[in-house]
Every structure is written in C-alpha cells, then in structure tokens.
Amino acid sequence: MSAQNKSHGRKAIRPSFKPRELMAPTPDLVGVWKAKIMTLFPNAFPGILGESLTGKALQEGLWQLETVDLRQFGIGKHRNVDDTPAGGGAGMVLRADVLGDAIEHTMAGTVGNWPLIYLSPRGRRMDQALMQDLSHCDGVTLLCGRFEGVDERVLQHYGIQEVSLGDFVMTGGEIAAQAMIDATVRLIPGVLGNQASTEEESFSSGLLEHPQYTRPAEWKGQTIPDVLMSGHHGKIAEWRQKMSEDITQARRPDLWQAHQDRKKKD
C-alpha cells in the first residue's frame, strides 16, 4: 500500500505576497535528524513545533518532520483503523493489520540508529537522559495511539519502546509526541545557538536549575541577590550550585537521592 506522507522542513524563501505553508512536502536532507509521526491527526503537526526556535530550526533544515496518516491504511471503504477489544470491554483498539502496514511503510528506507516509540501511559517516563539519547540517533518514529490503545502483538513483533509523558492518561499521543520532539530537537547543535544554555539547565547535571534573575535590579521591593551583581564568577558558580542542590533536595527527593548516590560512587 502506498500513502502520501507529509514532510516538513527546509524551504527556499523568496519574496511573495502569498503566505507560504510551513508544512509542505520537501526532500530528505542527508544526515539531518528526523522525526516521523504516525497519527490519525497529521494536521496537528508541526503545531507548537513550528514556532519559535524549533520552527526556525525546522525551516533552516537543522531537523525534519514527517507525518504519516494512519487513516490511509484503514480497512474497507470507510478506512476503519480500530475494532472492539478481544474479550470484551469498553472502547476500541487500533488494529494490528492497519498498524503493521503503516509501520512498514513508515520505516522503509530508515537507516542507522532509528528507534520506534509508542506514546503510552504505561511506558517509561520521559526524562532528560532519554532526550539526550534520542538527539544522538539518526531519527525517531513515534506512534500516536488513540482510543484504548494498540494491539499488543504489534508492540511485540516490532520491538516497540513504550514511553509516557507522565503518570496520567490523555486522549491520544500527539501532545506527548510534540513534547518529546521539542525536548530532543533543542539538544541538536545549532538549534538554541548557545550550547552552554543546555549544559546549565535543569536535569543536565542531575539537579534542578538554580533561580534566574534579570532587569530591573529591584522589582516590587525585591532585589537581585548581591552575589549575582558582584562580578565574582567563582562565587556566582558556588551560589548557583548550592541553590540547585537546595531546590532539588526540597522539591525532588528522588533526584536528590540519585545525585547523592552518584557522588558516593565518584
């Protein structure tokens, strides 16, 4: 079965009175990280990913996005993609034959390190380590579920990883997919423009980020801590480290314990 994918990425910019569509078919860029999304709602993409720095990077060809409409692989004239769960129960389940055709179509031609992930509330929770790993892959294919989930045989046959946005249930995987892509793309060199910003932020060192301040120096009776205005880079670094440790210990005991365990090993 053939299907019309929709690719989004670098475009030539020319003067025009007619707005150009950000999400228009474009050829693959060799060596560029790419996200492939299998979804019943391809028009949900790029969504927020088409804005700000991720949108600019998409247009500049620093990463690519391709959507595959699951409905095109549906069965019969109504393109049915789901059926009632075996053994009874509420809701509907995405069919194995539909998903199998969609996956094989989407993964055709992918090379290198290219994980296949299903956005699922029962999967591993997203974290910074996962995003770091994905940013070093050649690309990623994300399956956005709907209804009561997908046929288990598909997950087992293709060795699909299950990943969750958090310990809650949503109506589908599209929002989780956008969150995963956003958190990954920003780690690609050149996207943020300042590599140091990704090295100092929350989770990069295993700790939550220290507080940030900017102008004005005084606001509603509150001032910027004196150490940040001292110009003493060593003391500023010490203050930021201590604040990161204090905040992590207070807000995320799990991260603090992991940090302490790492220090013992070192």
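Start at Lys-6, whose bridge partner in strand 3 is Thr-67. This is a predicted model.

Now look at another neighbour of strand 3. Strand 2 covers residues 34-39 and pairs with strand 3 in the parallel sense, over 6 bridges. How does the chain get from strand 2 to strand 3? It passes through helix 1, residues 52-59, and this β-α-β crossover is right-handed.

Next, follow the side chains of strand 3. Gln-64, Glu-66 and Val-68 point one way. Leu-65, Thr-67 and Asp-69 point the other way. Are these residues buried or exposed? All are buried, and buried here means under 20% relative accessible area. That accounts for 6 of the 6 residues of strand 3, so the strand is largely enclosed by the rest of the structure.

Move on to helix 3, residues 128-135. Its buried residues are Gln-128, Leu-130, Met-131, Leu-134 and Ser-135. Look down the axis of helix 3: these buried residues fall within an arc of 155°, so they line one face of the helix. What do the buried residues of helix 3 pack against? Three of the partners are strands: strand 6 (116-125), strand 7 (139-144) and strand 8 (161-164). Helix 5 (174-185) is a partner too.

Keep two views in mind. Strand 3 has buried residues pointing both ways. Helix 3 has its buried residues along one face.

Note on methods
Residues numbered from 1 in each chain as written. Predicted model: local features only at pLDDT ≥ 70, side-chain atom pairs only at ≥ 80, totals over all residues. Heavy atoms only, no water. Buried < 20%, exposed > 50% of the residue type's maximum accessible area, 1.4 Å probe, protein only. Helix = DSSP H or I, 4+ residues; strand = E, 2+ residues; numbered from the N terminus. Pairing = 2+ DSSP bridges. Right-handed = clockwise from strand over helix to strand, strands pointing away. Arc of directions from axis to C-beta. Contact = heavy atoms within 4.5 Å.
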